[in-house]
Amino acid sequence: MANRKTIALRTLQLTYHPMLAQIITEDSVQLINQAQLGCITDKELAVLFAQIALPVTPHPTITDQYWLLAPCPAFFFLQQHSLSTTLKVQIQIYPVDEVESVIHTLSFIEPSLYHGLQAKPLHNLSKRHQLAKQHHQSVPSKQKLALLANTSPSAVRH
């Protein structure tokens, strides 16, 4: 069973577990730009980090360092924000005997499940935006959403 701990980002020492590093070497990842990071407010950044729980195991030889057990592109993207060092993140610490199972579950089962559940993410985002506006809720602009999604504003439509 895993233990949960909150740790300051400025003190977090993290590297990919060697087994994970082998299977994600050819993953495709979108490059980010400063405009994407710059449009995230301090409050939004804090909320996003509060939702992250990084699956880790202690490094076997280096004290206070952890091996990451899943690819976490959103974490690494957000970590580049200038204010990220003032925040904390949760880590889920797994024992060594569960590492292989956790890596396989989070590298294969979870992405397969999410892909099946998120058939039309931009369509859903557009509908949420439209419905929130209909109910007079404050919502981010479609330009901001498109910038974060690395797409054009016209792609955020239904």
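Ile 109 has a relative accessibility of 55% and therefore counts as exposed (over 50% relative accessible area with a 1.4 Å probe, protein chains only; buried is under 20%). Ile 109 lies in helix H5, residues 99-117. Together with Ile 23 and Phe 108, Ile 109 makes a nonpolar surface patch of about 290 Å². Patch residues have over 30% relative accessible area and no salt bridge, and nonpolar side chains are joined within 5 Å; a salt bridge is a Lys or Arg side-chain nitrogen within 4 Å of an Asp or Glu carboxyl oxygen.

The model is predicted, with local features needing pLDDT of at least 70 and side-chain atom pairs pLDDT 80 or more, while totals for chains, interfaces and linings use all residues. Residues are numbered from 1 along each chain, and side-chain values use heavy atoms, without hydrogens and water.

The five strands form an open sheet with mixed pairing, in the order S1-S5-S3-S4-S2. Strands S1 and S2 each have a single partner strand, so one side of each is left without a neighbour in the sheet. Helices (H or I, at least four residues) and strands (E, at least two) are DSSP runs, and paired strands share at least two bridges. S3 and S4 pair in the antiparallel sense over three bridges; Thr 57 has Trp 67 in S4 as its bridge partner.

| Element | Residues |
|---|---|
| Strand S1 | 3-8 |
| Strand S2 | 13-16 |
| Strand S3 | 53-58 |
| Strand S4 | 65-68 |

The largest nonpolar core has 30 residues, and Phe 49 and Leu 54 are among those with the most contacts inside it. Core members are buried nonpolar residues joined through side-chain atoms within 4.5 Å. H5 gives the most to this core, with four residues.

Key: Patches are made of residues with over 30% relative accessible area and no salt bridge: like charges are joined within 9 Å, nonpolar side chains (Val, Leu, Ile, Met, Phe, Trp, Tyr) within 5 Å. Accessible areas come from the Shrake-Rupley method with a 1.4 Å probe; for residues, only the protein chains shown count as cover.
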